[in-house]
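Me: I am new to this structure and would like to know the grounds for the labels used on it. Please take me through some of them.

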Amino acid sequence: MQQVAMFVTLLTYLAQLQAPLNFFGSFYTQVQNNLVDAERMLALKPLVQDRDGAIDLNTCAGRVEFTHVDFAYDERRPALQDVSFTVEPGTSTAIVGESGSGKSTILKLLFRFYDVAAGSVRFDGVDARDMTIASLRSHLGVVPQDTILFNDTLLYNLLYARPQATMEEVYAACRAASIHDRIMSFPDGYETKVGERGLRLSGGEKQRVSYTIVYYYLDSY
């Protein structure tokens, strides 16, 4: 009877040790894999780098020019060919086309994720390749189709980009995004809870709140 009790006790101890030992084993494997991935990541080099003598874009009126732009991810299949257009400051421009026509590629060239193969992309008359990447991107903002907000008040989300902003500045930014009057029509105004991922707001309302956040971000530079 004593041998049976010892055997059961031994099995119990082994069962209690199994989970921690499995954890340490899997954790060690995960660390090794992460170290390998980190080494590969550090070995990567950016496709686009600042050229010698690149200038900082301290101010930007907002004029964008694509002049005879050619670009291809693969030389055998051009993505853009001889594309030219101008976006004037304060105007809206829609780029439409079928899948694979180069709409996303144009945005990537705006942010200088890639450089053009031919032609030029200019901001206020200055070639994007002649300015530093950091200063260029500081003047660009993106509002995605599906906007995600924090599960808090509208005011909390609006102050995300500039916590020190005054209420007058918040109102001015929201008026610029055409959302101020809509917010004031809510029972709780700027203290309205937006819900998880902003689900209590409509898609358009979430995007306009995001416009305001982007406006703050760009205006802070």
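**Rings, exposure and strands**

Reply: In this predicted model, one aromatic cluster is made up of Phe71, Tyr73 and Tyr114. Eight aromatic pairs are found in a search of the whole structure.

Me: Why is the pair of Phe150 and Tyr160 called tilted?

Reply: The ring planes of Phe150 and Tyr160 stand at 55°. Stacked needs under 30 degrees and edge-to-face over 60, so the rest count as tilted. The ring centres are 5.2 Å apart, and pairing asks for centres within 6.5 Å. Phe150 lies in the loop between helix H3 and helix H4, and Tyr160 in the loop between H4 and helix H5, ten residues apart.

Me: What makes Phe150 count as partly exposed?

Reply: Its relative accessibility is 40%. Buried would need under 20% and exposed over 50%, so a value in between is partly exposed.

Me: Why is Tyr160 called exposed?

Reply: Tyr160 has a relative accessible area of 54%, and the cut-off for exposed is over 50%.

Me: Why does Tyr190 count as buried?

Reply: Tyr190 has 6% relative accessibility, and buried means under 20%. Tyr171, at 26%, counts as partly exposed.

Me: How do you know that strand S1 and strand S2 pair?

Reply: Two strands pair if there are at least two bridges between them. S1 (residues 64–71) and S2 (residues 80–87) have five bridges, in the antiparallel sense. Val64 stands opposite Val87 in S2. S1 is also joined to strand S3 by five bridges, again running antiparallel, and Phe66 has Val121 in S3 as its bridge partner.

Conventions: Residues numbered from 1 in each chain as written. Predicted model: local features only at pLDDT ≥ 70, side-chain atom pairs only at ≥ 80, totals over all residues. Heavy atoms only, no water. Helix = DSSP H or I, 4+ residues; strand = E, 2+ residues; numbered from the N terminus. Phe/Tyr/Trp six-rings, centres within 6.5 Å; stacked < 30°, edge-to-face > 60°. Buried < 20%, exposed > 50% of the residue type's maximum accessible area, 1.4 Å probe, protein only.
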